Amino acid sequence: MRHTLSGTAASRGMALGRARLVQPSRYLVDTRPLGEEEIEAELERLHRALDIARQELHELRGKLHGALAREVNEFIDAHSLLLDDAELLRGLDELVRIGHYRAGVALKKQRDRLVKVFEAMDDPYLRSRKEDIDQVISRVISALQRQTTREERKLAARVGEILVADTVAPADMAHLTGSGLLGALTTSGSVYSHSAILARSLDLPMLVGARDALSVIHDDDLILLDAEHGEIIVHPTAQDLARYRAWQREAAQEGRRLAALANAPTLTRDGVGVRLLANAEMPADIAMARARGADGVGLYRTEFLFLRQKELPSEDEQFIAYRDLVLGMGGLPVTIRTLDLGADKADAAGLVLRGEDNPALGVRGVRLSLRYPSVFTTQIRAILRAACYGPVRVLVPMVTQPDELIAVRTLFKLARAELKRENVDLPEKLQVGAMIEVPAAALNVRALMEHADFLAIGTNDLAQYVLAADRGNDALDNIYNPLQPALLRLIAYVIAAGRRAGKSVSLCGEIGGDPNFTALLLALGLTEFSMHPGQILHVRDRLAALDHAALRRQSARLVHANTYEEVEALLAEIAPA
Ligand code: PEP
Ligand code: MG
């Protein structure tokens, strides 16, 4: 019988597929004890599933590109380490060999035991790692199940699958998409979660907050996920399917229309030019940025060079990565952000301080770089050398006060002198800019600008610090909202201060690439947007429908609103979607 559920659209689109329920506690596992003669075969089955899980993670790592790859890769690394954890593996073997448990039960028992250990930890970061355990074990259980139900899977693969879960980890999302996942549906979760961001960048329809999904939907039910209207239709009728096909035709048409915008100039309806820059970190991002007609790279995140390996990347390794980026952009300006490790971006080489009570408010970004001048100088030398190959600007993350920029500039000067003595070619002048993502930096931006050639507003972090709401905490959705008037006032203030001082101001947080926020940012005076390259055509398209002068006249009303609901209503009035 057809029935419907509702949810909140985290990533738009529609998908038709078979439901795949993934929640470890809901896996049906055979609980009968093993006979002595079955033990070896069961161990083999278990280890095959572990190998499949390892292989999946390995393949996933190679496939991921784009701005989110860094964050997802962190999860993958953590999960890969867990899969090789000697204690976990020994425990599993013992449960099968001595306890006579089947592989599925052994995995669940190990999960419950480890989750308890993590839950008892004082450190909130370590405590939250219990989710990793959960996700890793789910992956292995799912690999186990696939061995037993190959026939069913073949059937399901014909129409693809839609994930139904309480929550989904970014790594799982990316992995499942690689293996044919068509959409995702979660009972909880936020539209600002990393998984939701990832779904948008993968173009995967996703609904969150469909509370009863796990009790109402069953494995293999045919479902129509309608993330255009926030609805899930279980057992859709012929009429529903006709609506889906009509949407598919429209979406294909829309894709072709957008593709034609790749070579178009970026102009508002009243002819004001806007610069669209790319957020990048991998070669694939560069190719995409060029293909979509980006005006340059507004944020090159260098962390991934430090996160992918145990040793610190050498000067030459960094030089090659930066030089290739500069060459890849073919003469367009490239903004290289200096290392932004710390908080949730913990490195493998051990630079990040451990045991801080409050790492998001701790030694991260430029604070960390300045603690390790020799590591920082290696990066600075590599940037200086690469800057001979094309226009490069340097962006400093997590700046709070002017002395940090002064210290960075001093290190650049010293590195220049050193390279000169070594007869290395040097660029003439390198612009040094500040990321505005700490509220103090926004409020004191005039003092910072005496030492910064340009500004880039990082709204992902600025929002979390202004609102005192962890950007990754789904429970704070009603607070972590980019339409919050306090955040808008700061953004407007920084843009206006930059304009008065004749300095360029870009914005490179998630909202920069979200067409739902384009009118708002234009109204606040922004004319340089930096975003995931996959979003460039969408934002260019939205801009063409907006009237810059009319929106600018609404700026005061927007920043003087009292609540984000008021901002939302105002936006709907002045720039309907
Ligand atoms: C930001 O904070 O908005 C930003 C662009 O930087 P990141 O997301 O890398 O912290
Ligand atoms: Mg940031």
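**Close-up views of the protein and ligand 1**

**View 1. Backbone contacts of ligand 1.** A polar backbone atom of Gly 458 lies 3.4 Å from an oxygen atom of ligand 1. The structure shown is a predicted model. For Thr 459, a polar backbone atom is 3.1 Å from an oxygen atom of the ligand. On its own, ligand 1 would expose 290 Å², and the protein buries 100% of that area.

**View 2. The shell around ligand 1.** There are 15 residues around the ligand. Those that come nearest are Arg 301, Arg 337, Gly 458, Asn 460 and Arg 471. Strand E10, residues 297–301, supplies at least two residues of this shell, and so does helix H20, residues 459–466. With three residues, H20 gives the largest share.

**View 3. The largest nonpolar core.** This core holds 102 residues. Tyr 300, Tyr 322, Ile 436, Leu 455 and Leu 520 have the most contacts inside it. Helix H21, which covers residues 485–501, contributes eight residues, the largest share of the core. In soluble globular proteins, nonpolar side chains tend to be buried together.

**View 4. Surroundings of Leu 455.** Leaving aside residues up to four places away in sequence, Leu 455 touches Ala 434, Ile 436, Val 445 and Met 449, among others. The list also includes Val 494, Ser 504, Val 505 and Ser 506. Ile 436, like Leu 455, is one of the residues with the most contacts inside the largest nonpolar core.

View 5. The protein averages a pLDDT of 87, and 90% of its residues score at least 70. Residues 24–28 have a pLDDT below 50; in the model this stretch makes 15 contacts beyond near neighbours in sequence. The pLDDT is also below 50 over residues 149–158, a stretch with eight such contacts.

**View 6. The protein as a whole.** The protein contains 26 helices and 16 strands. It has 577 residues, of which 53% count as buried. Of the contacts between residues at least 6 apart in sequence, 70% join residues at least 24 apart. The accessible surface comes to about 25100 Å², and carbon and sulfur atoms account for 52% of it.

Key:
Residues are numbered from 1 along each chain as its sequence is written. Chains are lettered from A and ligands numbered from 1 in the order in which they are written. This is a predicted model: local features need pLDDT of at least 70, side-chain atom pairs count only at pLDDT 80 or more; totals for chains, interfaces and linings use all residues. Side-chain values use heavy atoms; hydrogens and water are left out. pLDDT is the predictor's confidence in each residue, from 0 to 100. Contact means heavy atoms within 4.5 Å. A nonpolar core is a set of buried Ala, Val, Leu, Ile, Met, Phe, Trp, Tyr and Cys residues joined through side-chain atoms within 4.5 Å. Buried means under 20% relative accessible area, exposed over 50%, partly exposed in between (1.4 Å probe, protein chains only). Helices (H or I, at least four residues) and strands (E, at least two) are DSSP runs, numbered from the N terminus. A residue is near a molecule or strand if one of its heavy atoms lies within 4 Å of it. A polar contact is a pair of N or O atoms within 3.5 Å; within protein, one must be able to donate a hydrogen and the other to accept it, and residues adjacent in sequence count only if both atoms are side-chain atoms. Accessible areas come from the Shrake-Rupley method with a 1.4 Å probe; for residues, only the protein chains shown count as cover.
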